[in-house]
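Take a moment to look over the model before reading on. We'll go through a few of its parts together.

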Amino acid sequence: MVSRSNDGRRVPSLRAPVVLMYHYFGEAPGADPEQLFVSEEAFAAQLRYLQRRGWRALTLDEYLAALDGAPTPRRSYLVTIDDGHESVWKIAAPALSAAGIPSVLFVCPDRIGGRAEWTDAYSDEPLAAAGELTALPRLGMDLGVHSADHTRMVGMDATALHRHVVEARDRLEEATGVRARSFAYPYGTHDPAAREAVAAAGYDVAFAVAREHGRFAVDRVFVRSGDSMLRFRFKLTPAYRVISRVGGRAWRLRHAVRAIGAGLRGRAAGRAAALVRRAADVVVAGSALVALAIPMLLIAAAIRLEDGGPALFRQQRVGLRRRSFEMLKFRTMKPGGDDRALRDLIARELRGEDTVVDGSSKLNGDTRVTRVGRFLRRTSLDELPQLINVLRGDMTLVGPRPCLEWEADMFPAEYHARFDVPPGLTGLWQVSGRSALGTLDMLRLDVRYVQERTLARDLEILVKTVPALLGGGGSR
């Protein structure tokens with residue numbers, strides 16, 4: 001189950017047990033930008049799938065034995081959970097115990113019983129108390145260390161490393177009576193000094209995210225709230241792990257890009273940033289249209305063959321400063337039809353009603369959608385002609401979703417800032433849950449994007465778009 005890299009490190013192979021990583025469970029109290037809240041229904045469905053398909057759940061001891069070369073079933077996995085949110089005690093632990101599935105929970109000892117204050121988006125989220133954590137091992141959940149307080153473990157000196165690795169384990173043992181054997185790096189980031197500190201402290205294993213670096217930075221599969229069952233199944237495959245490991249190697253580049261973006265925020269504002277965005281729009285959209293010409297022709301042919309109607313759908317949408325433009329899409333509906341059901345759905349969402357059904361806020365059972373159209377919507381291929389809108393300048397690569405004119409009239413005034421920037425081919429909404437989020441959540445994300453808009457932020461959203469599309473969330 002292990003191999004050696006060029007520098008001699010023991011690296012778990014792609015056929016080693018899959019390590020799943022969860023965070024919070026249940027329904028998010030508001031927007032869930034990092035997609036941490038896996039619903040109780042989705043979690044149960046994932047566990048049922050693993051059991052039906054013959055996947056073997058491993059204890060931490062069995063996983064460690066597998067790392068040491070012990071024979072292990074090809075379809076085996078370890079469940080890990082980060083942060084110690086109270087939903088682990090309330091939802092995940094009972095569900096796992098009832099299914100007979102062992103797991104490991106990584107806790108920040110300095111945050112026990114407190115709040116997830118390390119991130120603005122989830123700063124009010126309550127963490128499990130010491131008494132609740134103490135009861136978890138009886139339910140089959142081992143406890144590990146997630147640093148002292150969820151600080152990134154890169155560039156730390158020896159004193160800081162001792163606090164987050166050694167002292168944190170001692171405090172966890174004092175609070176729960178459990179001597180941690182495993183460690184997980186907050187945000188998945190680490191460096192040689194951090195790995196050496198964890199190994200020297202006597203931990204048996206340490207986990208990262210997608211940055212495989214030997215036994216003391218094993219990669220994990222991040223299960224998100226926006227994952228469809230199709231994408232969850234894909235995440236169990238060696239192919240996904242290859243993609244994750246390759247992408248994980250680029251973390252330094254991503255952090256460097258963010259740092260450069262922050263430094264240039266002031267100077268790149270205004271016309272200079274607009275010129276950069278426009279140049280990127282032309283280059284990326286033009287290249288994509290050339291590369292996707294044949295697939296787009298095949299899609300157009302499939303649409304026409306199904307019912308003889310036009311391949312393209314043209315519709316007036318609202319753009320920058322509420323100016324109207326003609327947006328292009330592949331047609332996914334039968335010609336004609338009535339959009340009253342969609343208008344009613346959005347009106348209900350704007351009134352604050354919960355319209356989510358089976359994890360999706362999309363209009364269900366729309367009889368106007370064609371057979372080809374269902375596939376195009378599920379994969380978002382229907383939006384490819386919008387690359388032409390990007391070339392024209394009606395849209396940009398990253399921005400708020402281009403809304404219908406009657407939608408714009410319904411939006412409350414506090415969200416009109418979304419019209420201060422051009423609409424985008426992708427955006428913060430698309431990579432933050434999409435069909436799982438209602439209209440009000442979308443508008444809040446739009447305004448947040450406008451407030452935080454930088455070139456580095458746009459690049460980050462573009463990078464996240466491809467895995468978001470693999471989730472099959474589709475468009476409304």
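A disulfide is a pair of cysteine sulfur atoms within 2.5 Å. How many disulfides does the structure hold? The count is zero.

Keep in mind that this is a predicted model, where local features need pLDDT of at least 70, side-chain atom pairs count only at pLDDT 80 or more, and totals for chains, interfaces and linings use all residues. Residues are numbered from 1 along each chain as its sequence is written, and side-chain values use heavy atoms, with hydrogens and water left out.

**Confidence.** The predictor's confidence in each residue is called pLDDT and runs from 0 to 100. The protein chain averages 85, and 84% of the residues score at least 70. Residues 2–11 stay under 50, and the model gives them 22 contacts (heavy atoms within 4.5 Å) beyond four places in sequence. Residues 264–268 are also below 50, with five contacts in the model beyond near neighbours in sequence.

Strands (E, at least two residues) and helices (H or I, at least four) are DSSP runs, numbered from the N terminus. Two strands pair if DSSP finds at least two bridges between them. An open sheet of three strands runs in the order β14-β13-β16, with antiparallel pairing. Its edge strands are β14 and β16 (403–404), each pairing on one side only.

Strand β13 (residues 312–318) joins β14 through seven antiparallel bridges. Across this pair, Q315 stands opposite M327 in β14, and R314 faces L328. The hairpin of β13 and β14 has five residues between the strands, and R321 in it takes a positive phi near 55°. Why is strand β14 (residues 324–330) largely enclosed by the rest of the structure? Because five of its seven residues are buried.

**Two packed helices.** Two packed helices are described by the angle between their axes and the distance between the axes. Axes are lines fitted to C-alpha atoms, for helices over the stretch in contact, and angles run from 0 to 180 degrees between N-to-C directions. Helix α11 (residues 293–307) packs against helix α13 (residues 371–379) at about 150°, with the axes 9 Å apart.

Methods
Buried < 20%, exposed > 50% of the residue type's maximum accessible area, 1.4 Å probe, protein only.
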